[in-house]
Amino acid sequence: MDLQVLRSFQAVAEGMTVTEAAAQARITQPALSRALRRLEEEVGAELLQRVGRLLRPTPAGRVFKEYVDAALDSYDRGRRAVAEVVDPEAGVVSLAFLHTLGTWLVPKLVTGFRRTLPHVRFELHQHEENGLVQHLLDATADLVITSGDPGHPLITWRRLLVEPLWLAVPTGHRLAGRGRVRLAEVAEEPFILLKPGYGLRSVTETLCREAGFTPLVGFEGEEVHTLRGLVAAGLGVSLIPSSPDTAATPDFPIRYLEITDVRGARDIGIARLTGRTLPPVSRRFMDHALRATAAPAAEPG
């Protein structure tokens, strides 16, 4: 058995077709099928069984995959550690983050970090809240930037900043002429929300509950850009991370209003697996993120 066969087994066990896995490995599909059969002979058990068009792991295959995942992760981390010993100014940072942070925070942090270490590469993954935790647990990311402490016993989380949330209403809304509102004032209106599992959805439901109501779900989406579009179309209101001085445009005729009766904000932080040693370059990036987002010290009076 070799590493490429193990990687192909891992990919197929996670839902990739043999044809796709073969293309990824740059071998023919029959060659990969033979390699997977040899792997089963070597292990002494059937690892994959056909279900429709796909191969699915058998009970033995699921057990074996856990060890394959650990072995490949250990090998990859070993290669990265050696590469960083050879060239401490290079390396790869594997980072996962919320979709909503990909337009401002992540680019800012990556750009600032690469000013000092221009040869560092980044493996970037966007996901919703639950998926970010899984990235850490599966060791497919060294660090995640997320909203709120995941509260998982195996994960260490540190706050980076507090991000304001604003009530987005269409420019023709009855409250659009005001700068500040109570969230309770829109208790009877439909809310445009992200789907369950997204951090912003949980924060919105929590703030509405604190304001004394359960939000009426008008529409559900998968990105904040969609929420803005639906608000602009007059289909409801939404809690959105945005600057209050964001100008309305013909495409997004929206007003952003400050909320006064509940804390209109969410915590943004960086997390890592507690028991896993970070590669040096990932540790340096985490330190950079904490420094770059730290509030400036108050001047002595």
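Which residues in H2 meet which residues in H3? In this predicted model, Val18, Thr19, Ala21 and Ala22 of H2 meet Gln29, Leu32 and Ser33 of H3.

Helix H2 covers residues 18-25, and its axis lies 8 Å from that of H3, at an angle of about 100°. H2 and H3 are therefore roughly perpendicular to each other.

Helix H3, residues 29-43, also packs against H1, with an angle of about 95° and a distance of 10 Å between the axes. H1 is thus roughly perpendicular to H3. From H1, the residues Val5, Leu6, Ser8 and Phe9 meet Leu32, Ala35, Leu36 and Leu39 of H3. Leu32 of H3 is listed among the residues that meet H1, and Leu32 is also listed among those that meet H2.

| Helix pair | Angle between axes | Distance between axes |
|---|---|---|
| H1 and H3 | about 95° | 10 Å |
| H2 and H3 | about 100° | 8 Å |

Helix H1 spans residues 3-13, and eight of its eleven residues are buried, so the helix is largely enclosed by the rest of the structure. The buried residues are Val5, Leu6, Ser8, Phe9, Gln10, Ala11, Val12 and Ala13. Just after the helix, Gly15 adopts a positive phi of about 115°.

Strand S5 consists of residues 143-147. Five of its five residues are buried, so S5 is largely enclosed by the rest of the structure. Leu143, Ile145 and Ser147 point one way from the strand, while Val144 and Thr146 point the other way.

S5 pairs with S3 in the parallel sense over three bridges, and Leu95 has Leu143 of S5 as its bridge partner. S5 is also joined to strand S13, residues 265-273, by four bridges, and these two strands run antiparallel. Within that pairing, Ile145 stands opposite Ile270 of S13.

Ser94 belongs to strand S3, residues 92-98. Its relative accessibility is 3%, and Ser94 therefore counts as buried, the cut-off being under 20%. A polar atom of the Ser94 side chain lies 3.0 Å from the backbone oxygen of Thr140. Beyond its neighbours within four places in sequence, Ser94 is in contact with Arg80, Glu123, His125, Thr140, Ala141, Asp142, Leu143 and Ser282.

## The four-stranded open sheet

A further element is an open sheet of four strands in the order S8-S12-S7-S11, with mixed pairing. Strand S8 (180-181) and strand S11 (238-240) stand at the edges, each with a single partner strand, so one side of each has no neighbour in the sheet. S11 pairs with strand S7, residues 166-170, in the antiparallel sense over three bridges. One of the bridge pairs joins Trp166 to Ile240 in S11. Helix H8, residues 224-232, lies across S7, S11 and strand S12 (254-259), and H8 runs at about 140° to S11.

## Aromatic pairs

The structure holds five aromatic pairs. Among them is the pair of Phe113 and Phe285, which is edge-to-face, with 5.3 Å centre to centre and 90° between the planes. Phe113 lies in helix H5 (residues 105-116) and Phe285 in helix H9 (residues 280-293), so the pair ties together parts that are 172 residues apart in sequence. Phe113 is buried, with a relative accessible area of 4%, and Phe285 is buried as well, with 0%.

Phe191 and Phe213 form another aromatic pair, which is tilted: the ring centres are 6.0 Å apart, with 45° between the planes. This pair links distant parts of the chain, 22 residues apart: Phe191 is in strand S9 (residues 190-194), and Phe213 is in the loop between helix H7 (199-210) and strand S10 (216-221). Phe191 counts as buried at 0% relative accessibility, and Phe213 counts as buried at 11%.

Note on methods
Residues are numbered from 1 along each chain as its sequence is written. This is a predicted model: local features need pLDDT of at least 70, side-chain atom pairs count only at pLDDT 80 or more; totals for chains, interfaces and linings use all residues. Side-chain values use heavy atoms; hydrogens and water are left out. Buried means under 20% relative accessible area, exposed over 50%, partly exposed in between (1.4 Å probe, protein chains only). A polar contact is a pair of N or O atoms within 3.5 Å; within protein, one must be able to donate a hydrogen and the other to accept it, and residues adjacent in sequence count only if both atoms are side-chain atoms. Contact means heavy atoms within 4.5 Å. Two strands pair if DSSP finds at least two bridges between them. Axes are lines fitted to C-alpha atoms, for helices over the stretch in contact, and angles run from 0 to 180 degrees between N-to-C directions. Rings of Phe, Tyr and Trp (its six-membered ring) pair if their centres lie within 6.5 Å; planes under 30 degrees apart count as stacked, over 60 as edge-to-face and the rest as tilted. Angles under 35 degrees count as roughly parallel, over 145 as roughly antiparallel, 65 to 115 as roughly perpendicular and the rest as oblique.
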